[in-house]
Amino acid sequence: MLELAGITKHYRTRNGVVRAVEDVSFTVPPKGTMALVGESGCGKTTIAKIILQLERPISGTVRFEGADIATMSRAALHAYRRQVAAVFQDPYSSLNPRLRVHRIIAEPILAHERPGRAALDKRIAEVLDIVGLPATAATLYPHEFSGGQRQRIAIARALALQPRLMVLDEPVSALDVSIRAQVLNLLQDIQAEFGLTYLIIAHDLALVEHFSSDVAVIYLGRVAESGPTEPVFANPRHPYTQALLAAVPLPDPDHVLSETAATGEIASALNPPSGCRFHPRCPHVFAPCPATVPPAYPAGAGHHVACHLLKDSPA
């Protein structure tokens with residue numbers, strides 16, 4: 001459904017050029033869930049903004065069902081924006097506090113359609129019911145709801161135009177642990193019922209393993225490893241992926257972190273390392289790493305790893 005090819009995005013600042021995203025490529029399968037994971041500042045949200053056309057890349061293409069969104073006609077672009085929706089991280093800032101829920105959900109509908117009042121009220125009541133809220137919620141303001149309920153309102157707003165692709169930027173990280181599972185289960189039920197495709201940004205690797213069908217591990221603006229979630233988690237081949245998984249805490253007081261856990265701090269995108277960007281923190285660094293950017297080597301069906309260690313290794 002969605003394909004990113006060679007996406008690069010830089011930002012000019014007073015201190016220099018921030019190389020936020022460099023040559024990122026991956027595909028999002030229809031009716032599947034692609035997860036983007038990595039440390040804060042690695043470029044995940046920038047990628048999501050490019051897909052949502054909140055930012056434009058300096059090079060590369062984003063294709064939706066084979067069509068380059070940068071060269072779409074006005075009518076095709078209007079249709080694309082209707083088919084792609086977003087749910088943001090913080091339900092306390094993503095909903096306008098001055099608007100009632102009815103108006104919040106009505107805004108995307110009114111931007112694309114001109115329904116009558118009765119039809120609009122019916123549509124809003126339907127999406128509120130889908131997310132588990134009563135129709136009376138439409139008359140209230142965001143501050144009258146809990147965090148979990150606010151995120152349900154944000155999901156209802158995203159569903160208002162019956163999209164086919166939803167971009168979920170850390171959709172449960174701002175919520176209490178006790179209600180995260182409820183919201184995730186709701187998202188899975190919605191996906192199963194309406195056949196939606198999800199692109200989810202997340203830090204929680206347990207969530208990613210449970211929730212996603214495919215994963216792309218991003219480090220400092222580049223894809224380190226990508227593929228179906230199960231083989232990537234069962235047999236991570238990139239040292240950075242191994243370090244992320246090794247750092248996941250286990251509910252065992254005797255558990256000792258693996259030696260594969262990365263040391264040091266992530267470099268600045270203002271002055272990223274040459275070659276493989278992970279090489280200053282990699283326990284397996286050798287001669288080619290600082291000099292050459294590794295290509296994405298095949299490591300199995302749909303599984304690719306951007307690491308020089310894979311050059312002569314069987315897939």
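The legends below describe an overall view and several close-up views of one predicted protein model.

In this predicted model, local features need pLDDT of at least 70 and side-chain atom pairs count only at pLDDT 80 or more, whereas totals for chains, interfaces and linings use all residues. Residues are numbered from 1 along each chain as its sequence is written, and side-chain values use heavy atoms, with hydrogens and water left out.

**Figure 1. Overall view of the protein.** The secondary structure comprises 10 helices and 12 strands; helices (H or I, at least four residues) and strands (E, at least two) are DSSP runs, numbered from the N terminus. Along the principal axes, the C-alpha atoms fill a box of roughly 70 × 55 × 40 Å. Among contacts (heavy atoms within 4.5 Å) with a separation of 6 or more, 62% join residues 24 or more positions apart.

**Figure 2. Helix H1 and the residue that follows.** Helix H1 covers residues 44-51. Six of its eight residues are buried, so H1 is largely enclosed by the rest of the structure. The buried residues are Lys44, Thr46, Ile47, Ala48, Ile50 and Ile51. After the helix comes Gln53, with a positive phi near 65°.

**Figure 3. The open sheet of four strands.** The strands lie in the order S2-S1-S4-S5, with antiparallel pairing. Strand S2 (16-28) and strand S5 (67-68) stand at the edges with a single partner strand each, so one side of each has no neighbour in the sheet. Two strands count as paired if DSSP finds at least two bridges between them. Strand S4 (residues 59-64) is joined to S5 by two bridges, and Phe64 has Ala67 in S5 as its bridge partner. Strands of a sheet pair through backbone hydrogen bonds, either parallel or antiparallel.

**Figure 4. Strand S7 and its parallel partners.** All five residues of strand S7 (residues 165-169) are buried, so the strand is largely enclosed by the rest of the structure. Leu165, Val167 and Asp169 point one way from S7, while Met166 and Leu168 point the other way. Strand S6 (residues 84-87) runs parallel to S7 and is joined to it by four bridges; here Ala85 stands opposite Met166. Five bridges join S7 to strand S8 (residues 197-202), again in parallel, and Val167 stands opposite Leu199 in S8.

**Figure 5. The surroundings of Gln191.** Gln191 belongs to helix H6 (residues 177-194). Its relative accessibility is 14%, and therefore Gln191 counts as buried. Leaving aside residues up to four places away in sequence, Gln191 touches Lys31, Gly32, Thr33, Leu196, Thr197 and Tyr198.

**Figure 6. The hairpin of strands S11 and S12.** Three bridges join strand S11 (residues 297-300) to strand S12 (residues 303-305), and the two run antiparallel. Pro298 stands opposite His304 in S12. Two residues lie between the strands of this hairpin, and Gly302 in the turn has a positive phi of about 75°.

Technical notes. Buried < 20%, exposed > 50% of the residue type's maximum accessible area, 1.4 Å probe, protein only.
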